[in-house]
Amino acid sequence: MSRPRRLVRRLFLAAVTLAAFVALALLLFLAPPVVHRLIDAAGSAVRLSVEPHVAYSLSDALVRDLLFSGDFGVLLGGEPLLSDTERSHLVDVGALFRMLLSVGLGGALLLALLYVRKRPWFFAALRDGALLLGVGAVFVAGAFTFAFDATFTAVHQLLFPAGTWAFNPATDRLVQLYPINFWVFASVAFSSTLILTALLGYRLARRRGR
């Protein structure tokens, strides 16, 4: 194989590694026990004036709809929890999440198949992907830690249409269930998980690639 083709293969697998690690971490952070702990830390139940187990149940229903393309029509007190605008935004978020998960889990399957073959070039690409992930996660963690509002706004402006994602914490239940503190804690924990995953992946790749 020519050198340019080897370089393209290595870059492609590094990108696949990055996508796979991000998707696996995302699945972890969508798991109910993790989301519940973040809800507790953010004081969401108090903001919604409900018991903690009710906040958990509402969140679990919304996460299921994110993963399985639901309509986000969860009820609270017999009435829809969310407005049409809030539900529309979650439809956009769900489409993005499912795309990321599909690409990432497909990448994870490819990596697993290549791992079984134990080719030296595979471990070099895995190392590259882990390094790329670690550097990116450090950058993202710093951005969210030291400039959360600006970073949060920039991400939403990049990914979603204008006017579809800004909500009022005093009246909109979506941002009462998931207030700013929820996202502060989640972004730091998520970035830290990615950094740890990158370190483990890098060490594995170096050890097995020798």
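Where is the place of histidine 156? Histidine 156 sits in helix α7, which covers residues 148–159. This is a predicted model, in which local features need pLDDT of at least 70 and side-chain atom pairs count only at pLDDT 80 or more, while totals for chains, interfaces and linings use all residues. Residues are numbered from 1 along each chain as its sequence is written, and side-chain values use heavy atoms, with hydrogens and water left out.

**Around histidine 156**
- Histidine 156 is buried, at a relative accessible area of 12% (buried means under 20%, exposed over 50%, partly exposed in between, with a 1.4 Å probe and protein chains only).
- Leaving aside residues up to four places away in sequence, histidine 156 touches His89 and Trp165 (a contact means heavy atoms within 4.5 Å).
- From its side chain to the backbone oxygen of phenylalanine 152, histidine 156 spans 2.9 Å.
- Alanine 166 is 10 residues apart from histidine 156 along the chain, and their C-alpha atoms are separated by 9.1 Å.

**Overall fold**
- The protein has nine helices and two strands (DSSP runs numbered from the N terminus: helices are H or I with at least four residues, strands E with at least two).
- Along the sequence, the pattern reads α-α-α-α-β-β-α-α-α-α-α.
- A box of roughly 65 × 35 × 35 Å along the principal axes holds the C-alpha atoms.

**Packing**
- Of the 210 residues in the protein, 38% are buried.
- Among contacts with a separation of 6 or more, 73% are between residues 24 or more positions apart.

Key
Polar contact = N/O pair within 3.5 Å; in protein donor to acceptor, adjacent residues only side chain to side chain.
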